[in-house]
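Please work through each task before reading its solution.

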Amino acid sequence: MGKTSTIIKREFLSRVRKRSFVVMTILGPLLMAAIVIVPVVVAQWSDSEYDVAIVDNSDYFVHAFDDRDNVRFTPLGTNIDHALELMHDGRFDAVLHIPEAAFQAPSTLRLFSEKSVNLNARLLIENILKLEFESLKLEHAGIDEEVLRKIETPVNIQAIRIQNDGELITDYPEISMGLGIVSGLLIYIFIFLFGSQVLRGVLEEKTSRIVEIIVSSVRPFQLMIGKIMGVGLVGLTQFLIWVFLTFFIVGIFQFAMPDMFQFTPDERVFISSSQVLSMEEMEQQRELIQQQDTMAGQLLEGLSAINFPVMIVSFIFFFLGGYLLYAALFAAIGSAVDNEADTQQFMLPVTVPLLLAIIMSNLVISNPDGPVAFWLSIIPLTSPVIMMVRIPFGVPYMELMLSGGLLIIGFMATTWLAARIYRTGILMYGKKVNYRELWKWITHA
Amino acid sequence: MDALLRAEHIIKEYANHRALNDVSLEIPEQSIFGLLGPNGAGKTTLIRIINQIIGPDKGEIYLNNEHLKPGHVEKIGYLPEERGLYKKMKVGEQAEYLARLKGLNGFEARKLLKQWFERFDLTPWWNKKVEELSKGMQQKVQFIITVLHKPSLLIFDEPFTGFDPINVNILKEEILKLRHDGATIIFSTHDMASVEELCDHIALINKSEKILEGQVQQIKKQHAGRIYEVELENMKKPLENMLDDRFRLLTSTGTTDSTRARVKILNDTPANDLLQPLLREAQLVAFKELTPSMNDIFIKQVTGRFPAESAETDKQHIKPR
């Protein structure tokens with residue numbers, strides 16, 4: 001064991017000290033934090049105003065435009081040429097022309113701009129006009145808008161999950177989906193990233209012929225296991241630093257700009273209603289705001305419903321289990337060939353189950369408790385990815401234990417298999433190896 | 001002398017051929033033992049078995065009369081023929097790592113390494129990456145790593161490849177010094193000149209079987225072909241006329257004034273019988289038995305005939321005067 005730990009130490013330190021490791025370790029969480037922070041910041045800080053002049057020859061619509069979301073509307077009489085001149089002078093970014101016959105023929109509406117039109121502004125204008133068209137048409141048809149609004153009943157079922165301990169939590173399937181896909185993908189990337197590091201490490205030892213010096217001191221199995229564990233520790237270290245740094249960076253932003261992350265819908269209802277509202281009106285307003293803030297609000301509420309300790313612990317378990325299972329196979333491939341080009345033929349059967357898992361994860365999120373999801377999360381070759389996809393939806397403990405147990409058996413089996421290929425392969429030079437040859441190595445005592 | 005290492009009836013089979021067939025060896029303590037044989041004869045397989053890199057299918061190996069066991073790797077130092085180092089790793093760090101794998105602790109390893117690096121003028125390279133070293137320097141580092149843990153058995157497989165003649169000499173001196181200090185050395189090479197120079201004992205392996213083993217001097221004596229070299233002056237008649245059918249003239253050069261020739265004595269005729277006619281008919285300047293070189297013995301054992309004996313059948317070389 002002493003020598004194995006010497007090998008683990010070397011494998012670990014030689015990688016952790018590399019510049020690429022340090023760069024990746026720092027950049028990773030910055031990127032992840034950026035994914036969380038940047039949209040919030042951008043939404044807050046996009047201060048460049050978009051000026052739209054409105055030339056309404058019909059006079060039906062001009063009053064409907066209120067400044068919103070950094071788009072400023074300026075009514076500008078009825079002279080379209082004058083407005084276009086002003087735009088040319090840079091006073092406006094765009095000119096909305098509403099011709100006289102617009103009400104009868106909406107397709108005559110035009111938005112002029114010298115640069116390409118700001119998409120947000122166009123969507124906003126379309127939205128405003130659509131609502132206005134509706135209410136004008138209602139008026140024409142003699143239907144009181146108030147009545148219609150009262151008939152309209154927003155239905156939004158809150159999904160409540162009853163947990164094992166009887167606790168009720170609000171279920172946000174979108175959050176679970178996102179989290180499941182992201183963690184499944186991370187496992188996939190980690191397995192490939194560090195698995196191929198094992199492959200390259202074994203190949204380096206073989207081609208540089210240092211392996212013969214080492215195996216005269218330690219058993220080939222110790223060398224293989226030492227490498228696999230050393231690289232695995234590198235992966236684990238990187239992951240833990242990433243988790244820690246990501247929470248740290250996001251935490252700093254939350255601390256520095258607390259209001260940026262406060263979106264609790266209920267508060268907003270009361271803030272925006274300075275005067276007393278009826279229950280009905282309050283409920284309506286709540287719905288409206290909730291629809292507007294669905295993304296941000298659900299994200300935060302949904303995230304708070306996720307059991308992060310369980311997520312992280314199972315991530316580490318399934319990452320390590322999956323990594324150990326595949327790293328052994330990668331090590332075997334590295335030992336069997338003479339150069340990187342020859343690895344291709346053996347890579348296919350190793351990559352196929354992983355790719356399959358990633359492809360099937362879309363199916364799994366739409367039916368996380370179906371038979372496909374169940375079996376793929378039990379079979380060790382696909383379980384690390386698929387189980388991580390399922391966990392945010394809640395997986396019975398029995399299934400978790402079964403999957404975990406099989407994964408442990410699985411990686412012991414691949415390690416055994418790999419060790420038999422490895423001990424022959426690392427000393428074999430200049431021989432093109434095929435599957436029949438590998439089989440001989442495995443079966444030969 | 002006791003045998004440090006004994007191999008008994010080693011058999012090793014690979015998927016499609018037998019690499020070692022019932023090979024037994026005894027390597028005397030504190031000797032330099034030449035392990036010879038053509039490429040693919042099974043030398044490397046035997047060395048790997050001694051190093052416990054692979055196991056034999058049948059047969060036993062004893063080190064110091066103890067059955068070979070995992071702990072023995074610390075008593076063996078092995079310099080493989082195909083050898084390399086981690087290119088991106090620093091020289092000192094790497095040497096220390098490999099020494100630790102041989103069972104030294106970090107402190108000992110560093111202390112011994114510093115001494116050896118000083119001796120081989122490698123100290124300035126301690127913190128350099130291996131890829132910055134010349135091939136010769138890398139070989140020196142590998143040599144140091146092999147001997148650092150003071151093993152009682154050293155195995156050198158083609159140790160001199162990649163060295164310039166000056167460094168080859170330094171290395172030979174180190175090897176002789178190691179033996180003097182008590183180490184036993186297995187020396188595998190194709191370089192027969194260095195075998196003659198260094199080895200006390202040899203074993204010859206051909207086609208998976210040991211075909212020859214023994215002390216170098218004895219083997220040479222056994223393979224002496226009863227060929228004598230004579231130098232004659234002032235001959236009264238041509239050499240071939242002096243010899244009867246108990247002798248055969250192999251080669252002869254020069255004139256009747258001064259001739260150098262090789263004569264093979266046939267059957268069990270005593271060498272003295274050759275001297276008599278020579279003394280009678282000419283002035284004898286030199287007379288000595290030719291012992292075959294290890295090179296000749298190697299070729300004879302492997303191909304079945306001496307390179308020198310080819311002259312025996314090639315009568316064109318004999319120029320009677």
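Two strands pair if DSSP finds at least two bridges between them; helices (H or I, at least four residues) and strands (E, at least two) are DSSP runs, numbered from the N terminus. This is a predicted model, in which local features need pLDDT of at least 70, side-chain atom pairs count only at pLDDT 80 or more, and totals for chains, interfaces and linings use all residues. Residues are numbered from 1 along each chain as its sequence is written, while chains are lettered from A and ligands numbered from 1 in the order in which they are written.

**Exercise 1.** Determine the strand order of the open sheet of four strands in chain A.

*Solution.* Step 1: the order is S2-S1-S3-S4, with mixed pairing. Step 2: strands S2 (71-75) and S4 (110-113) of chain A are at the edges, each with a single partner strand, so one side of each has no neighbour in the sheet. Step 3: S1 (residues 50-56) of chain A runs parallel to S2(A), joined by five bridges; Tyr50(A) is opposite Val71(A) in S2(A).

**Exercise 2.** Describe how H16 (residues 397-425) and H17 (residues 435-443) of chain A cross.

*Solution.* Step 1: their axes (lines fitted to C-alpha atoms over the stretch in contact, with angles from 0 to 180 degrees between N-to-C directions) come within 8 Å and cross at roughly 105°. Step 2: H16(A) is therefore roughly perpendicular to H17(A) (65 to 115 degrees).

**Exercise 3.** State how many residues each chain gives to the contact between chains A and B.

*Solution.* With contact defined as C-beta atoms, placed from the backbone, within 7 Å, chain B gives 18 residues and chain A gives 17 residues.

Methods. Two residues are in contact if their C-beta atoms, placed from the backbone, lie within 7 Å. Angles under 35 degrees count as roughly parallel, over 145 as roughly antiparallel, 65 to 115 as roughly perpendicular and the rest as oblique.
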